[in-house]
Amino acid sequence: MNAEAFPHVDVEGYLHSHGLVVRESYGGSGNQLVIQCPFCGRSNCYVSAESGFWLCYRARCGRKGDFLGLIEAVEQCGRPKAREIRRHLQEAINFGTVEDALERYAQRVAKPKPQDDVELPPGFEPVWDGRKWNWPRYLTERGVPTNVALAYELGFCRQGPFADRLVLPVHEEGRLVSWQARSVIGAQPKYLSAKTGSRGRFLFGLDQLPENAKEVVVVEGPFDVLAFAKADVPAVALMGTNSTPIQGHKLASRGVAKVHLYLDAQGTFLARQKVRAALGGHLSLRECPQGDGADPGESSEESLRAAWESRTRA
């Protein structure tokens with residue numbers, strides 16, 4: 001099957017609309033969606049949220065292809081019809097000016113239906129249960145201090161389907177809305193998430209921001225937030241680079257006026273531009289000075305504090 005290049009479409013939105021998404025995954029191949037394979041029906045099919053390329057990892061299936069091929073399989077149609085569907089998906093994003101498209105998108109999704117409280121993964125143990133510490137060695141290896149772990153209500157799973165994973169809860173207005181579970185033993189996928197369709201919707205660390213924060217750092221992952229927290233710098237994580245205006249709206253609603261972007265050094269130019277386009281409608285954007293590592297999670301506390309203090313000169 002020949003892959004066709006195409007302008008950006010909302011791959012995730014299309015798959016969610018058909019009820020195919022089982023969970024989200026974050027790993028070395030970027031943001032991926034795990035879906036029910038339209039050929040074998042098993043939940044072993046990984047789809048790139050950025051490009052739409054997909055592969056079923058079930059040995060007896062092994063189907064793969066581009067986003068057009070996935071549309072063909074889902075819609076049970078030929079390639080001409082698939083191209084027409086893709087064109088409509090593109091027009092939903094690209095019609096009119098970028099500002100108009102972003103505003104329509106924000107109006108459509110900024111007020112989603114109220115989310116039910118999600119449950120923490122089975123086997124979850126908080127790092128402090130009120131009587132004793134359940135402190136995973138991984139937090140010590142990453143240099144996360146106890147006060148930061150407590151502030152972000154971190155926990156760990158020792159057994160069950162999420163065994164050997166550090167759990168990073170996502171709270172908004174005191175309510176658990178999502179979570180990520182990171183493997184501490186190198187298992188793949190590296191991250192598992194709550195089934196909330198949370199990509200581009202929630203912000204890790206939003207509830208932990210100071211009430212009077214007018215400027216914050218926006219980073220990609222939760223561990224980047226924890227690194228800035230050690231340096232007493234207010235930060236939130238997009239949980240990837242698939243940002244949407246919902247996140248900008250939430251920050252602006254809390255009184256934030258300016259964000260300093262600190263995305264991973266290996267991120268693509270396109271990914272950075274997508275983040276800037278999504279947040280720029282609500283907030284003033286600047287690039288944050290860099291620390292001494294490839295990303296905030298690998299940078300020293302001193303360098304991150306210095307980067308924040310020097311932001312006015314960036």
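How many disulfides does the structure hold?

A: The structure holds zero disulfides, a disulfide being a pair of cysteine sulfur atoms within 2.5 Å. This is a predicted model, in which local features need pLDDT of at least 70 and side-chain atom pairs count only at pLDDT 80 or more, whereas totals for chains, interfaces and linings use all residues. Residues are numbered from 1 along each chain as its sequence is written, and side-chain values use heavy atoms, with hydrogens and water left out.

For Cys45, the closest cysteine sulfur belongs to Cys37, and at 4.8 Å the two sulfurs are too far apart for a bond. Cys45 is buried, its relative accessible area being 0% (buried means under 20%, exposed over 50%, and partly exposed in between, with a 1.4 Å probe and protein chains only). The sulfur of Cys56 has its closest cysteine sulfur in Cys40, at 3.8 Å, which is again too far for a bond; Cys56 is likewise buried, at 2% relative accessibility.

Confidence is given by pLDDT, the predictor's confidence in each residue, from 0 to 100. The chain has a mean pLDDT of 81, with 82% of its residues at 70 or more. Among its elements, the lowest mean, 45, belongs to helix H4 (residues 98-109), and the highest, 96, to strand E12 (residues 235-237); helices (H or I, at least four residues) and strands (E, at least two) are DSSP runs, numbered from the N terminus. Over residues 94-102 pLDDT stays under 50, and the model has seven contacts for this stretch beyond four places in sequence, a contact meaning heavy atoms within 4.5 Å. Where pLDDT is low, the predicted coordinates should not be read in detail.

Turning to the backbone, most residues other than glycine have a negative phi, and most peptide bonds are trans. Asp164, in the loop between strand E7 (155-157) and strand E8 (165-172), has a positive phi near 65 degrees and is partly exposed, with a relative accessible area of 30%. Asp232, in the loop between helix H7 (222-230) and E12, also has a positive phi, of about 60 degrees, although it is not a glycine, and Asp232 is exposed, at 67% relative accessible area. Gln188 and Pro189 are joined by a cis peptide bond with omega of about 0 degrees, and Pro189 sits in the loop between strand E9 (175-183) and strand E10 (191-193).
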